[in-house]
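This report describes one protein chain from its predicted model. Please look at the sequence and the structure first, then read on.

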Amino acid sequence: MSEIASLRPLAAVLLPAVGILAIVASHRRPDVREAFTLLTALVTFGTVASLVPPALSGTTHVSQLGTFVPGIELTLRADPLGMIFALLASALWLVTSFYSIGYMRGLDEHSQTRYFAAFAGSVGAALGVAFASNLVALYVFYELLTIATYPLVAHDESEEARAAGRKYLAYTFGGGVAVLAGTVLVFWTTGTVAFTPGGIAGLASVDPVLARAAFALLAGGFGVKAALIPVHSWLPDAMVAPTPVSGLLHAVAVVKSGVFGIARVVLDVFGPETVADLGVGLPLAAVAAVTILVSSIIALRQDNLKRRLAYSTISQLSYIVLGLGLLSPAALVGGLLHIPAHAFMKLTLFFCAGAIHVETHTDDISEMAGIGKRMPLTMAAFGVASVGMAGLPLVAGFVSKWYLLIGSIDNGTAIFALVLLTSGLLNIGYFWPIVYQAFFQTPEDSDAKPLLEFPIGGARVRTDGGEGTEDREGDAEESASEPEAPEAPEATAGAGDVPIDTAEPVDPEIDPDVTPSEEEGEVEVDARVESEGQYAVDRHPSDHLQDDAPDDADEERDGGPDDGTKMSVTEAGSDEYPDVHGGPPASGWERRGFGEESTWFMLGPISVAAAGAVALGIAPQAMVFLALVYEVVANATGVVF
């Protein structure tokens, strides 16, 4: 493999920074601001794509930035492993930029300039992670990625969003400290931290105790952003961010930076042979297997769609870590190929969740029966991506999981093949009911009960994803201690005519979906909005529902004074006030044709992401990602596919 000096890796990292300046400068002209966003994303993708042919031919472009600390240079290298991550992040940034325009305008979101600027900064940092040539450079961009993504996690500025942002910083900065400690230990024992295909030679002769300690620190530190159990809980909480953030940064850039860091450690710092000699590969694979199964089981209990997708992400990320821990060439191919495969599939799912949220204000799976009539293209794409997540043929997930199955058997650890098959069944368990009820059920005949009714995975949560005010004891204990309620006729409240089984009179000011505490007695709508306000749409109705809104509602949306007037649920569902609480209208979902359910700023990216997932499943040999994966595995193991 030859190296040539080039400014292209540096340009790819700096272009998003230049885009930030243009985005901020045009903050008073939204059309110009978004044009700069799209232009920056397009040029960045073109720059990264130009580095693919040299990487496949054995030529690496290198940008020398000088000495960072004595003995360590800050260098950017476009090697095959870095190109997988860089090409993925830059390509999907372009797709997500279109989607973000439709999403942010559809919800009339606040602080859109900050949002687009932070997005550009996050992608620039992710490209720095991809092109870093040593552990020190990787650590610098890894921490910059945390800083750049914090405004996106806390974008909503609600208390829940701020709490999620603080938790995100605490976890990821804690992981960064572990990465730094492992980096220092590697440098102290070997005198270098440069990435070398097959691993740093000096680590093979280091005291095994020190080598294992360095591996544990590095894998554990990167494992925080990879959301390995037990350092995973920041990811579901971060779903309070806007859906495009959840899609690209929490299914592509941020979480993928964690598994990418583990890949660098296994392949280019220690090397597969040294990892096997130290005996640290199987423990890493075991942690991944536990994460796959536990997070999949927890996903079964989530009613909020984004939280179910979040736990699915935790499970799917560990497929990648499992392949890296198994170390066999086929398992390495499967693990690395699952990076782009999961990205296309999960981005499709998040895009679909966001479109449903913008158009129908519905976030809970229990309210989506029959929604396929209202959003046929969106739910069709959701179904395609769900098939891939379960590992069924013709979608990207099948190819990567097939390699993982072969690799686990080749490695003599068939137990991990059983884990993969079980996980596939669990994926069907938490994705198929969504697709089935969307197309084959109506709100009247659907069963809204969760798939799992016992409290696995911790305290009960509200259906919007936040922690509930209910007692956190298990459901079984509550059932044993509470007397059986007497039967009573059904009562209704609000526009949606929600049935309420209660013997007490129903106050129209009380939200039937919220359990009032014993002390409070009554819960008004504005209190529910305050507790559930994870999304801006819960406080500010979208443009799609503005026609009937009164003038004072518009004034409050735009930041005007709030006179403190409280709306009851009945008022919120009346003609005077738009219903912003989600779920099907009283008359049922309106039937719409393909392309009529939303704007093409959102439907276009959904279609592109779903098409990418299918293309990677039907013709993997024609996709550049598989060629890059083969090159990486050949350089690390000497096995040519």
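## Salt bridges

The side chains of Arg33 and Glu34 meet in a salt bridge, with 3.0 Å from N to O. A salt bridge here is a side-chain nitrogen of Lys or Arg within 4 Å of a carboxyl oxygen of Asp or Glu. Because its relative accessible area is 4%, Arg33 is buried; Glu34 also counts as buried, at 4% relative accessibility. Buried means under 20% relative accessible area, exposed means over 50%, and partly exposed lies in between (1.4 Å probe, protein chains only). By the salt-bridge rule the count comes to 13.

Glu157 and Arg114 also form a salt bridge, at 3.0 Å from N to O. This pair links distant parts of the chain, 43 residues apart: Glu157 is in the loop between helix H6 (135-153) and helix H7 (159-190), and Arg114 is in helix H5 (residues 112-131). Glu157 counts as partly exposed because its relative accessibility is 34%. Arg114 counts as partly exposed at 34% relative accessibility.

Arg264 forms a salt bridge with Asp268, and their closest N and O atoms are 2.7 Å apart. Because they are four residues apart in helix H10 (residues 243-270), Arg264 and Asp268 are separated by about one helical turn. Both Arg264 and Asp268 are buried. Salt bridges that share partners join Glu3, Arg77, Asp79, Arg264 and Asp268 into one network.

## Basis of the model

The model is predicted: local features need pLDDT of at least 70, side-chain atom pairs count only at pLDDT 80 or more, and totals for chains, interfaces and linings use all residues. Residues are numbered from 1 along each chain as its sequence is written, and side-chain values use heavy atoms, with hydrogens and water left out.

## The chain as a whole

The chain has 25 helices and five strands. Helices (H or I, at least four residues) and strands (E, at least two) are DSSP runs, numbered from the N terminus. Of the 641 residues, 57% count as buried.

## Strands

Strands S1 (residues 2-5) and S2 (residues 59-69) run parallel and are joined by four bridges. Two strands pair if DSSP finds at least two bridges between them. Ser2 stands opposite Thr59 in S2. S2 is also joined to strand S3 (residues 72-77), by five bridges, and these two run antiparallel. Val62 has Arg77 in S3 as its bridge partner. S2 and S3 form a hairpin with two residues between them, and Gly71 in the turn has a positive phi of about 90 degrees.

## Nonpolar core

The largest nonpolar core has 182 residues, and Phe270 and Leu336 have the most contacts inside it. Helix H14 (residues 329-360) supplies the largest share of this core, 19 residues. A nonpolar core is a set of buried Ala, Val, Leu, Ile, Met, Phe, Trp, Tyr and Cys residues joined through side-chain atoms within 4.5 Å. Leaving aside its neighbours within four places in sequence, Leu336 is in contact (heavy atoms within 4.5 Å) with residues including Leu81, Ala263, Leu267 and Val629.

Trp432 lies in helix H18. Trp432 counts as partly exposed because its relative accessibility is 45%. Ala417 lies in helix H18, and Ala417 counts as buried, at 8% relative accessibility. The C-alpha atoms of Ala417 and Leu404, 13 residues apart along the chain, are separated by 7.7 Å.
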